[in-house]
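Please look at the sequence and the model, then read the points below.

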Amino acid sequence: MNIIGLYNYWIVVVLMLIGFYIVIAHENLIKKLVGLNIFQTSVFFLYISMGKVSGATAPILDENYQLYSNPLPHVLILTAIVVGIATTSLGLSLVVRIYEAYGSIEESDIQVQDTHDQLECQLEAYGSRRNYTFLDQETEE
Amino acid sequence: MHDLFAVVMLSGIYSLLSASLFLDLDAVDVAFTEASVGAGISTLLFLATLKLVPRHEKESRYKPTLALAVTIATGALLIYGTLDMPHFGDGNAPVHQHVAPRYLNDSMDEIGIPNVVTSVLASYRGYDTLGETLVIFTAGIGVMSLLLVSQRTKDQARKKVPADMQQQVILRVVAKMMIPLILIFALYVQFHGDYSPGGGFQAGVIFAAGIILYTMLFGLSLTQKVFNSKIVELFTALGVLLYGGVGVACLILGGNFLDYDVLRHDAVHGQHLGILLVELGVGITVASVMITLFFKFTWRTVKHKYNQ
């Protein structure tokens, strides 16, 4: 079995894994978006390389050529690229808002602040309940 | 690498390289789009965001072992999965058997334009493209509502928003010569997309790039005199409306939704007109969404500047 002819899929897999690794291993939100972009291009490569026919030319009809590559993946990916930038920009604006709210774009910082807020909320809730329950005597001891 | 500026620049270069790879794989339209979107607008928006958030990444507290293990396991499974795939460049692969031969053999008689990608995009798969245009429109609305500009910021900025690069004389002179050419090239790509690589998506992005270049060099307030953000925001909807309107016009004339055959006296002319209008709709929406995105990020920068 000749498996060298599958090299295009391996390139795609490697790119996909690079993107995937960046998304799960880095805490910086901008880096995560860059990772998502790389992941996305790997999918583009998967489609486009599947549409390629050896010895064929670009699918613009001309009398001098008989063999063309498959136009369908091109159409799908062309629109996907533009949709990709639109969604990336949505992600970027979310990052901007997160930075304005938390003062950081590192996931760990955001998590610390969230836990802190949560604890504060719970403490507050507990504090207001204290006056009504008989639990307070236990806690004072 | 902890400097995000370098990360963003590298990803721009990566996009440009992948565009040339797409060219090598016969996907000229895709290469065109990737070069203008990935290397151009995407890098620009990342840089605009970096202006609003810290430029350096913090040291991570976790060891990457677990992530690496997950990645490698996934990779092994994926590689195992590829063993059943058809070989690269194989003309008999299943993907080439289904609808592609029909597009390649019949589109010249049915649609009458040489660029098969355009005829598939705008006519055979017109529903798809309408949906995708709507996604872009929706993403544009999302950014608009996330990065709202308050009236106060606008009033403060009305005095004058100087561009950061106002002092760069060489850039300004060169840009003044280049911007008209960029805009004309965008229109060429828009209307010549039936015969050569190009179409509404690429043209919209290139047009927006020209306007964005102007904004960067001459300031937001000057650009807003011509491209008032309210009007640009209206245009985002107008493009989608034009696209949908063509579909409805087909319905009224007795055809199916987005079936352009009925638009003119004979089918091929109808297809030509339909594709032209639909691509125009796509171009208008894409261009105005991209311009709006850049405006919103710039306004945010202005806001941060005044709040400090």
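Chain A has a mean pLDDT of 86, and 89% of its residues reach 70 or more; pLDDT is the predictor's confidence in each residue, from 0 to 100. The structure is a predicted model, in which local features need pLDDT of at least 70 and side-chain atom pairs count only at pLDDT 80 or more, while totals for chains, interfaces and linings use all residues. Residues are numbered from 1 along each chain as its sequence is written, and chains are lettered from A and ligands numbered from 1 in the order in which they are written.

**Confidence**

- Helices (H or I, at least four residues) and strands (E, at least two) are DSSP runs, numbered from the N terminus.
- Where pLDDT is low, the predicted coordinates should not be read in detail.
- Chain B averages a pLDDT of 88, with 96% of the residues scoring at least 70.
- Within chain B, helix H1 (residues 4-24) has the highest confidence, at a mean of 93, and helix H7 (residues 151-158) the lowest, at 71.
- For the complex, the predictor gives an ipTM of 0.88 and a pTM of 0.88.

**Domains of chain A**

- The domain assignment divides chain A into domain 1 (4-105) and domain 2 (107-141); such bounds come from an automatic or database domain assignment.
- Domain 1 of chain A contributes 4 residues to the contact and domain 2 of chain A contributes 5, two residues being in contact if their C-beta atoms, placed from the backbone, lie within 7 Å.
- The side of domain 1 of chain A that touches domain 2 of chain A has 2 nonpolar, 1 polar and 1 charged residues. In these classes, Ala, Val, Leu, Ile, Met, Phe, Trp, Tyr, Cys and Pro count as nonpolar, Asp, Glu, Lys and Arg as charged, and the others, Gly among them, as polar.

**Where the chains meet**

- Contact between the chains involves 64 residues of chain A and 72 residues of chain B.
- On the chain A side, helix H1 (7-25), H2 and helix H3 (71-102) each supply at least two residues.
- H3(A) provides the largest share of that side, 23 residues.
- By class, the side of chain A that touches chain B holds 39 nonpolar, 19 polar and 6 charged residues.

**Helix packing in chain A**

- H2(A) and H3(A) pack at an angle of about 175°, with their axes 10 Å apart. Axes are lines fitted to C-alpha atoms, for helices over the stretch in contact, and angles run from 0 to 180 degrees between N-to-C directions.
- H2(A) is therefore roughly antiparallel to H3(A); angles over 145 degrees count as roughly antiparallel, under 35 as roughly parallel, 65 to 115 as roughly perpendicular and the rest as oblique.
- Their contact comprises 16 nonpolar, 7 polar and no charged residues.

- Chain B has 12 helices and 0 strands.
- Its C-alpha atoms fill a box of roughly 60 × 55 × 35 Å, taken along the principal axes.
- Helix H9 (residues 200-218) and helix H12 (residues 267-307) of chain B pack at about 30°, with axes 7 Å apart, so H9(B) and H12(B) are roughly parallel to each other.
- H9(B) passes H12(B) in a right-handed crossing; a crossing is right-handed if the near helix is turned clockwise from the far one by less than a right angle, and left-handed if anticlockwise.
- Residues meeting there include B:Phe201 and B:Ile211 in H9(B), and B:Leu280 and B:Phe294 in H12(B).
- The contact of H9(B) with H12(B) has 14 nonpolar, 5 polar and 1 charged residues.
- The axes of helix H8 (residues 169-191) of chain B and H9(B) come within 8 Å and cross at roughly 165°, which means that H8(B) is roughly antiparallel to H9(B).
- H8(B) passes H9(B) in a left-handed crossing.
- Among the residues of this contact are B:Arg172 and B:Phe185 of H8(B), and B:Ile206 and B:Tyr214 of H9(B).
- The contact of H8(B) with H9(B) comprises 15 nonpolar, 4 polar and 1 charged residues.
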